[in-house]
Each structure stands twice: as structure tokens, then as C-alpha cells.
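Subject: Structure handover

Hello,

Here is the structure I said I would pass on.

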Amino acid sequence: MDRHNAKQIEYLNSPITILKGIGSKKASLYSKLGITTIWDLVYYFPSGYEDRRIVRRINECQIGEMCCIKIRPLRQIVERRLKPKLSLFLLYGTDGFENVTIKWFSAPYAKPTIKSGHIYTIYGALTSQNGKKEFDMHYIEDSAEKKYTECIVPTYHATSGLTTKTICETVSVALDSLEILSECIPDHILKKYNLVPVLDAVKKMHRPESFEDLKNARDRLAFEELFVLTLALSSVKGRRKEKKGVIIKAADNIREFAKRLPFELTDGQKETINDICRDLKNGIPMNRLVQGDVGCGKTVVAAAVMYACSKSGYQSAFMAPTEILAQQHYKTLKNLFGDEVRIALYTSSVKGKNKISEDISQGVYDIIVGTHALIENNVKFSNLALCITDEQHRFGVNQRALLGAKGESPHILVMSATPIPRTLSLILYGDLDISVIKSMPKGRQKILTYHIDEKTKNRAYGFLKTEVEKKHQCYIVCPLVEDSETIDASSVESMISSLKNGVYSDLRVGYVHGKMKSDEKDTVMNSFKSGELDILISTTVIEVGVDVPNATVMLIENAERFGLSQLHQLRGRVGRGDEQSYCILVSDCKTENCRERMKIMTQTDDGFVIAQKDMELRGSGQFFGTRQHGVPELKIANLFSDAHILQKAVESANEIILNDPELSSYEMVDIKNRIRDLFDKFDGNDIFN
Ligand code: ADP
Ligand code: MG
């Protein structure tokens, strides 16, 4: 590294207090925005831009349109004190053709000084008050300055005590001393995709001369972000390849298993099982995602593989996100295998946990079904060769890894019903191979979905009754367990009291929610499953996985409170048998967004389309906000709108991995540091185990 470079690195790592005008007080405000070093500051990109390039004559301005005008003041500023800390200012001036009153509200001390004979550039919008033109001022400066007018001006997310303008000035000062930034994208890739150099890009993000500049800068930085992320995920995958996986010859056992099933496997299930069998015998630990819409039959795939595994003398772990689901899987497997396979249930509330975990470690059980409890420290396996995570989107990368760490590079299978657009799966599951189950079991009918308002609800309750008369069962889902003073939404408790004592007085109504003890939940779920209950009133504890094929109606109260993917999951609780099923969304939508969601639900049952729309409506930022997917937050790239950039980034990353899987060449030094930073910043360290 040459000395020049070293000096720059030192500069970038310096605290911002080395900049003129930044004392400890300012610095603490900046730290609220996550900015402590010069590096943080120059990578703190604007949240938006104002196009202040155009200067207009007053008679060229459209009402309401933001633009600049140039004014010669005709009088001094008039101030009207409205409150102790708020004044209305009026400035009367001319643009040489027409006179106008310029108006703004601000704190009294913020009154600008007007020098006679000077021309001022003012950014704002023309308004019309009773036919009289006025100009709403947002910013004013001496025309000689041209600092924040006649150009594109960035705006930053600010914080109290720190304005966007102050940030802009501080960034400018920092950028002035910034001469180089290390380039982490190899030259030939920069050339191939015509990417601007990193220093240019960073500077242009803060001070673009044109919107084309800005787009080039942004695209380049988005590329970089996605490129680094893809390499990071590939490097995880690469590492797995180095490890040895237990060889399991599964095909014969699975064929035998399939013969015993009461149904024929679908093509999608067969293809997926084939993929898995190939993985299991090639000596490298499997790392596969099975993606298939709700109801396509993923459980039986998992069962088949676990069966084969037990026949080869190894243990499997099957982890589900809720106790209800773990219970259900346990029973399904018990039914399928009887005493032939030894199965344990391990959740935090299961009785005799110590004995069970002791037995697991002694190899008494072949298949262990459970919840997060499985990844607790005290759970040890004797020869764990296969880990399956159901409803993977409910777990982070980290949890998936923790389960995997329970064995010696066991085979990993994750299953998800939340279909993910290809762009997203590249990022989320870039380190996984994917099998998609596209087909649904034979005889399934399309679920009919309706959106109704609160007024029509009673009729819907009546409809549920007619379904019960046909010996079908129904779900009613509410957002709350009990009524709340602050949230205006239906609760399980109020529903029970009104329905059980009302329209459903002659029906068998049960309820389940997260505040109940697990054996209570279990009892209720069992009676619903065995047909002893007609109607189950519930919270979203039944959102994922629950499988009662005889249920034909899903009625969702206050449907506006649920996201699209969640509604789709809930809807997936019905339509699991041959009968026509229905989903009824009850909501007096108050927002356009809500109406849009309801419309999408009634128009499509394609989980892929729904996931895509969900992202569009929520924005990918929020999609990742919870970090539940275990992916570091992206600062610039948007997985939805930058799909074309992602494609290129992935191609480039793959090319690099192909030639240099260890990223050992000199060119990769910076990338490796970036990857380390990336994983340090989120809790996915263990994936390198
Ligand atoms: P999901 O993919 O949502 O986890 P499940 O595994 O719960 O779906 O399966 C949904 C229902 O479909 C279950 O009742 C299951 O027994 C049934 N099923 C699975 N595969 C088939 C098939 N090939 N033919 C008929 N029914 C099937
Ligand atoms: Mg499932």
C-alpha cells in the first residue's frame, strides 16, 4: 500500500471532529445518525434531491411548481411576529418584469439580511391568494453565491439540532479532502458494465450535476453493494463444498415409503425428492431450499427424506416456528411411520425435557421434531445427519446455522411457503440450491376469495353456518386475543362471547391463541383436527403450516391489519382437500393501500405474484426491516427495482468465484474486508462456523 493510500485510509477512519466546525456537541448529534467517522459521513447518502437548476421568470412559473426566481428587493423585509418563536416574513421584490410578495414562516432570529442593490435567488413555489400571486419561499441566497440554487441540492435525513443543510455543508468539507477511495470492483468488471469509479460515484451522490450523473453513481454503488453481498453468500456456499457430507443412499427407501402413502406424489414432489436424493449421495453436505406454495405438500417430502435417513441409521431434526405446527408434524409422522421409526417431540413446554434430550443424545430417537427449543445449548444429538427447517422465512440465517451446527456438517433442507421472487431468492438464498414444487395435489379447487365490509359480516357468519351444516369446518381469525383500549380490532375473546352466545349457539366453537398454555392449545387443535369442533376462532398462531383438510372457510376479521403474504398464508389453511373452499376478508378499508391489498387477494391466488406485490406495496426496505431473513440491510440497492443490476452483480460474482473460489488474489483484498464487515454487522457470524 503506498503512503498516499495509507493517508487516505487514516483520513477516512478519523472521527468527524477533525473537520472544521464539528465539536463534541455536533459530533454527538451526528452519532445519532450513525455517523462517527469521515467514512460514515461520506457514505451517508442523501435521502432525496431538489432540482433547483431552473431559474424562471415569475410569469413562467406554474402554480405549485418548485423552481427558482431571481428578485431585486424593493423594500426591506417585513416581519409579523405570530408567536414568541414564530414570525411571518414578507419580502416585496421584482424580477424585472413583475412584482411579487415573497412569504415564509420561520423563527424570528432566522431573518436574513437583505443588502440593497443585491439580487437574490429564491427557491420555492408560486401560489395564488385571491387571484394575487405570491411566492412561498423555501430557500433564499445572494445570487452571487450560487451555493444552494441553480443546481441540484441533496436533502438528508436529519435529526433535531442538525439540519439537512448543515449535513450538506459538513459532507462538502469532508469530500473536499477526499482524493481516493479504494476500489473493490475489479477493473475488467468496471469496464464491462461501464461503472463509474467509486470516488466519482460517492462525490456525485452528494453533488450531482445532472440526474444522469446521479443515476450512474447510484447504479454503481448499488452494483457494488449487491456484488459484495453475493460474493459473501457464495463464499459461505464455497466453504460448505469443502466439507464432507454423510453419504445416504435414499432412493430405495423413499420408493418404498411412497408406496405406502394414500396418494400418489405430485410431479413437483417427485422432482424435489430426486434433487434431494442426488444431494444426499454425492459426499457434500446438502444445502437446499424447497420452495412451494401453501398446500403443495412439502411435509411429505420432508417425511420421505427423514424416513430414508433413519433407515440408514442416522438422526434427523425437523424444526418448525410454532408449537402448534411442531405438534402437528409430530403427529403426522407418527401416523405415517407408527413404531417403525422412533420419533420425539421437543419444544420448550414438552414434559420430561431432560429425559428426552438425554435420550436424543443417546441415539434413542431417529427423528426429533421441535421448535426453536432444538437449538438450545443442552440439546445434543448422537449422529445428526439431516436438519430440516420448516417455514424457513420465520427463522434467520443464524438459527438455521445453529441447528446445522448440532451435527458434523449435516445435510440441510429448508422449506418455505413464502414464495420469493428470483431476485430476492438470489440474495436471501444465494447460498442454497433451490427446488421448486410448482404443482398442487390432484383435485384441489381454487379458493374463492371475497372482500366484504363490517356491515355485511353477519351474512358471512350465516354462510359459515351453512358450511358447517355440510359437515365442513371453518376458521375465524382475529388480530387480538382480548379487546384493547388502544387498538380498534376484533379479539378472540369478544368473538367467542358474541358468536357462541349468538349465531353459533348450537355449534361447537373452540378457540386458540398464543397466551394459552401449550397443552391447552394442543387439546383444542386436536379436537379441531379430529372434527370435534365446527368453528375455530383464533389469532395468527395458526398462520403457518396448520393442516386440516376438512376446513373450507377462512374468515379474517380486520383484514387490513395483515400484510399480503400473511393473508395468503392464512388463506392457505383452507383448500387443502377436494372441497370448494372460501376465504372471506372483512375490512372497512380506510386507505388506498388496504383496498389494493384486498383487491390483489381476491384476484390472484398465485403466491409468487402476491409476494411480489407485497414487496411493491411495502417497499423492500421494510421487507428486510425486521432482519428476520438474516440479511444485512442494504443502504442503496433496492432488490425490487434494481433487479437488472442484481443480475449483473450475480453474474460478475459467479465469474470471480469460478476463477478464484478462495478470493485469494490481490484484487480481492478489499472485497474480503468488505465481506468481513458485512457479516460482522449482523448476527450471522456463525454461518462461517
Ligand atoms: P405445505 O406445503 O403447505 O406444507 P402440507 O405438507 O401441509 O402442505 O400438505 C397439504 C395437504 O396435502 C396435506 O393434508 C397432505 O397430506 C396433502 N398432500 C400432500 N401431498 C399430496 C399429494 N401428492 N396428493 C394428495 N394430497 C397430498
Ligand atoms: Mg407446511
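The notes below cover the ligand, its pocket and the cavities.

This is a predicted model, in which local features need pLDDT of at least 70 and side-chain atom pairs count only at pLDDT 80 or more, while totals for chains, interfaces and linings use all residues. Residues are numbered from 1 along each chain as its sequence is written, chains are lettered from A and ligands numbered from 1 in the order in which they are written, and side-chain values use heavy atoms, with hydrogens and water left out.

Ligand 1

Ligand 1 is surrounded by 16 residues (a residue counts if one of its heavy atoms lies within 4 Å). The closest are Gly295, Lys298, Thr299, Arg444 and Asp547. By class, this shell has six nonpolar, five polar and five charged residues. Here Ala, Val, Leu, Ile, Met, Phe, Trp, Tyr, Cys and Pro count as nonpolar, Asp, Glu, Lys and Arg as charged, and the others, Gly among them, as polar.

- Glutamine 269 has a polar side-chain atom 2.9 Å from a nitrogen atom of ligand 1.
- Threonine 299 has one 2.6 Å from an oxygen atom of ligand 1.
- Aspartate 547 has one 2.7 Å from an oxygen atom of ligand 1.

Taken alone, ligand 1 exposes 570 Å², and the protein buries 85% of that (Shrake-Rupley method, 1.4 Å probe).

The pocket

Ligand 1 takes up the space of the second largest pocket (more than half of its atoms lie within 2 Å of the grid points). A pocket is an open set of points on a 1 Å grid over the protein atoms alone, with protein on both sides within 12 Å along at least five of seven lines; a cavity is a set where a 1.4 Å probe fits but cannot get out; lining residues have an atom within 4 Å of a point.

This pocket has a volume of about 1000 Å³ (the space filled by probe spheres set on the points, which are joined across faces, edges and corners). It is lined by 38 residues, and Phe263, Gly297, Val300, Arg444 and Asp547 are the closest to its centre.

The cavities

The whole structure has five cavities of 30 Å³ or more.

Regards

Conventions:
Polar contact = N/O pair within 3.5 Å; in protein donor to acceptor, adjacent residues only side chain to side chain.
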